Every structure is written in structure tokens, then in C-alpha cells.
Amino acid sequence: MELRVLRYFLAVAREENITRAAALLHVTQPTLSRQLMQLEEELGVKLFRRGQYRVVLTDEGMLLRRAQEILELAEKAERELSRSGGELSGEIAIGCGETRSMTTLSRHIRLFRQRYPQVRFRIYSAIADDVKERIEKGLLDMGLLTEPVDIGRYAFHRLPEKDRWGVLAPEDHPLAAKGGAAPQDLLGEPLLLSGRELIRQELAGWFGEAYGAIQVAAEYNLILNAANMVKNGVGLALCFDLDCVASGLRFVPLSPTLETGTVLAWKKDQTGSPAAEEFLRQLRNTGEAFLNEEKKYSTF
């Protein structure tokens, strides 16, 4: 099974139309149709159901959509092995949750690219569980993970910032005028909670006995979507303070305070690309030069 043919398959699956896919791939329609038929013969299954105006994936075709990960791995390997006149180059892929530690990571990326401008970064935003899965599959070099998270199988570097938990509420909500939100303030309110089970357990510890009485209106994994739901009256969102509150909303910290740490994690005993290894060295060996550089950006 050739990578080129897998690209053809994925293009047709995405477009649901052989003519459009052929145009995007810069091949003729008969060539594309022939390649797909040969792939079906090679695998011994039908991948598409062909109609008059569109083609759709069969159950077997849906399974082959996993080929996207194969292509991503192949393309990532090509980028990692690329060199430009002996200068460090390639790509560093990092999975990131929504956390204040992204500021520190961004500053490290800026300084790293000042030293190695031929290296580019690819940031994949997702919750910790999704990031860990992509690290395991080799699609990411490392991940910025908010705790609590099981990192027993990973090497990691702990970042200095702590994320503070609070409630995102409309400005005209009675809670918005308070300096802090206690567990009893949230009883009877429809709440938006993170979908991560470990996060739910941590919040359950903060609520204590009141946790069994809370009303969960929805689960979310991206704060921008949660903020939109808050703005449109779905409920109040329990989230981190990320200094990006939408207009008309206010962040109210939890009382008593609840904070969460962050780690940058990567697979143990696995050699990464030269660019990724050098970036981790910079991160672990942060020194006076980096701290001095940070002062220029203290308003971020």
C-alpha cells in the first residue's frame, strides 16, 4: 500500500466526489478511479459506495480512514529528517491544553526560533487525554498537560505557573459582584464542567459533600465554546483564569482557592528528533539569559 495511494483515498473520502478530488490532486479522473479500484483489489474489500453524484465510505472504508495517522507520521518523519545546509531544522509538534503555562512555552518557542530559525513548531490544542494519545502514537513530540494527569510513563518538566480555578459568569449575574465563589454559591446553578474524569474528581474534592447536589448542564473541552454557552445562558462555567474572558462575562475565583499545576511531558527512553531534543535541553536548562529576556515581556 503506497503513501501516494493513501493520499488519493483520503482526498476522495473527504470530498465525497472523485471529480473534485482528482482536480485537487492534479490527476485525471480515470487515473484516480483506477488507483482506488486497485487499492480495493489489494485489500479485498469495497471502500466506497458509488452513487450518481457522490461516493461514501463503506464500513471498511471508515476503518481505513486511520490511514490519516500513517500519513501524518510519514510527513512528520520527513520534516524531522530535513536539513538546510547543516543548520538545525525540522518540526517540533507539541500538544497543548488551555493553560497559563502556554505563555512560558510561547516564550521558549520564540527564543528557540531566534537561535534556530529553520525549525518550525506545530501546536495541537486538545485536552490532556487526547494529547497523551497522540504522543503514544508518535504524532506529537511532547505535550503541555494540566494536572491531575497520569504521567507515570513519561519524562516531564514541571512549569512554574499555577492555573487558578474559578467560575465564568455573565456580568449581570449576582455571583459576578462577589470576590469569590464558594461551593454553596453554585448549588442550584446550571454548571458547565470539563469532560475530563480526573478534573471532575478534583472538583468533587473541592465541593466536598455538596458535589452530589450540583446541577451539570453541559460538559466542554474548549473554554471558548464554554464562554459562548455562558454568554447565551446555558450555565456558569468552572474553568481556569486564562485572562481571555469574553465581553459581558466575568471570572470569579473559587473560594477556597483551587489551583492546578502543568507539566511538559514526553515519552521515556525514546530519542526524539534533533530539534525536539535541543528544545527540551533549552527548557530544562533555563538560565540567567532566559530570565533577563523574560523581563522584556513582563506585561504579557
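1. Helix H1 (residues 3-15) comprises 13 residues and spans 18 Å from its first C-alpha to its last, close to the expected 18 Å at 1.5 Å a residue; the expected span is 1.5 Å times one less than the number of residues. Helices (H or I, at least four residues) and strands (E, at least two) are DSSP runs, numbered from the N terminus.

2. The model is predicted: local features need pLDDT of at least 70 and side-chain atom pairs count only at pLDDT 80 or more, while totals for chains, interfaces and linings use all residues. Residues are numbered from 1 along each chain as its sequence is written, and side-chain values use heavy atoms, leaving out hydrogens and water.

3. Buried residues of H1 include Val5, Leu6, Tyr8, Phe9 and Leu10 (buried: under 20% relative accessible area, with a 1.4 Å probe and protein chains only). After H1 comes glutamate 16, with a positive phi near 55°.

4. Strand E5 (residues 142-146) has 5 of its 5 residues buried, so the rest of the structure largely encloses it. Met142, Leu144 and Thr146 lie on one side, Gly143 and Leu145 on the other, and both faces are covered.

5. E5 runs parallel to strand E3 (residues 90-96), with 3 bridges (pairing requires at least two DSSP bridges); glycine 95 is partnered with glycine 143. With strand E13 (residues 262-267), E5 pairs antiparallel over 4 bridges, and glycine 143 stands opposite alanine 265.

6. Strand E10 (residues 236-240) is likewise largely enclosed, because 5 of its 5 residues are buried. Antiparallel strand E7 (residues 163-170) is joined to E10 by 4 bridges, and tryptophan 165 stands opposite phenylalanine 240. Parallel strand E8 (residues 190-194) contributes 2 bridges to E10, where leucine 191 has leucine 236 as its bridge partner.

Notes:
Buried means under 20% relative accessible area, exposed over 50%, partly exposed in between (1.4 Å probe, protein chains only).
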